[in-house]
Amino acid sequence: MRHAAESLRAALDSLPDLAEHLDGAVRARIDATTGAVEAAASTSPSAELRRSLLGTAHEIRLIGTHLTATREDTFAEVAHTLIQHADEIDALLRPGDGDGDGPAPVRWQPPPAPAPSVQTTAHDAALVQQHLPTREVQVEAIGQVVAACPPEELATVLKLLLGVSAHAVERHGHHLRREHQIARAQWRLDPAGVDGWRLNTDGSADTWRQYGNGPHQVGTSAGNYTSPAAVAKPLLAILRAAGPTQADLDAFLDGKANGQTIVKALLRPSDTGITSEDVFTIRAPGTDTEAGEEMWLRARDSSMAGHGPAPAVREHDTIARGRRPGSLIIFVKKKNDSWRLVTSYFADDPRRVAYMEL
């Protein structure tokens, strides 16, 4: 029986590699098919036929994102079942507590159903754009975060959040709503209203950064903290480790920076006290593999070009279901200057960023 439990856990450990293999095969087939359709579109003398072919290629890309989402859901159910049965076997092998009844049986629970998928149009995003929070609302939200801080850290948090480089509250604050995050993930609409966004007459959407080149930057997920206290928690965790003043923070980050001018601090939920109730996240399903993520991003690019609806997103409990969740805080500094806050948001498994030991 112990060997059976070990075999179940070994099967569980093999799922990530199998997911990468399956999604890679799907991506290869999707890329080959859409490539052929787009090549035909590029040589067509008819504008109407070109639009039709590009729309078909987009529909094929959406099929790819649906396949990876289905694979992710199936693997999540398989993983849940493997864990339940392995735990049940381990419980049967444990000795009883002396009452003669033996170990209590493990009650098998079905896996939670995935959240409903959401697919929106560029016109939906344009409606959201018309009702973005004003600067006054953003400043009020920052004030609420500061009011949730202890007196000794209050001044430093205020300085960080109002800094010229900071957009932590503006893009990830408690004042934002579900529709803001959907529009951001699917249509690259900046909820802070800093980076530009425009719906064109042909159904395409353009976005551009106010500072820097290229479109507004967002990956396959977007989210915000749900209360002023939640926004404050990761910042206060840093200041508890560093000290309450800007001078304390500067000395602490200087020690972590190794001579660099940027520090990315990923803090565990256990370090900050962040819970599932503190975070709201919209996430693209089927993007737990590199191939699945790439397919979803290409489908989003195609929708931004006006070829059809955006690939689906879902609400996601990052704390309970994330692989390596944590609060990501980014600081920057210029030579002989203090450290400034860039952003603070909740992330799952950010690449090339290790948990910071406070």
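**Close-up views of a predicted model**

**View 1. The second largest pocket and its lining.** The second largest pocket is lined by 13 residues, of which T65, H66, A69, S117 and A312 lie nearest its centre. On a 1 Å grid over the protein atoms alone, a pocket is an open set of points with protein on both sides within 12 Å along at least five of seven lines, and lining residues have an atom within 4 Å of a point. The structure is a predicted model, in which local features need pLDDT of at least 70, side-chain atom pairs count only at pLDDT 80 or more, and totals for chains, interfaces and linings use all residues. Residues are numbered from 1 along each chain as its sequence is written, and side-chain values use heavy atoms, with hydrogens and water left out. The space in this pocket is about 180 Å³. Helix α2 (residues 47-93) gives the most to the lining, with 6 residues; helices (H or I, at least four residues) and strands (E, at least two) are DSSP runs, numbered from the N terminus. By class, the lining holds 6 nonpolar, 5 polar and 2 charged residues.

**View 2. The open sheet β4-β7-β8.** Three strands form this open sheet, with antiparallel pairing; two strands pair if DSSP finds at least two bridges between them. The edge strands, β4 (262-267) and β8 (340-348), each pair on one side only. Neighbouring strands are turned by 20 degrees against each other on average, direction ignored. Between β4 and β7 (residues 325-332) there are 6 bridges, and I262 stands opposite V332 in β7. Helix α8 (residues 228-242) lies across β4, β7 and β8, at about 65 degrees to β7.

**View 3. The crossing of helices α8 and α9.** The axes of α8 and α9 (residues 246-257) come within 9 Å and cross at roughly 85 degrees. That makes α8 roughly perpendicular to α9, a term for angles of 65 to 115 degrees. Axes are lines fitted to C-alpha atoms, for helices over the stretch in contact, and angles run from 0 to 180 degrees between N-to-C directions. I238, L239, A241 and A242 of α8 meet D248, L249 and F252 of α9 in this contact, where contact means heavy atoms within 4.5 Å.

**View 4. The open sheet β3-β5-β6.** This sheet has 3 strands in antiparallel pairing. β3 (221-225) and β6 (314-315) stand at its edges with a single partner strand each, so one side of each is left without a neighbour in the sheet. Strand β5 (residues 279-283) pairs with β6 over 2 bridges, and I282 stands opposite E315 in β6.

Definitions and conventions
On a 1 Å grid over the protein atoms alone, a cavity is a set of points where a 1.4 Å probe fits but cannot get out, and a pocket is an open set with protein on both sides within 12 Å along at least five of seven lines; lining residues have an atom within 4 Å of a point. Grid points are joined across faces, edges and corners, and a volume is the space filled by probe spheres set on the points. Ala, Val, Leu, Ile, Met, Phe, Trp, Tyr, Cys and Pro count as nonpolar, Asp, Glu, Lys and Arg as charged, and the others, Gly among them, as polar. Angles under 35 degrees count as roughly parallel, over 145 as roughly antiparallel, 65 to 115 as roughly perpendicular and the rest as oblique.
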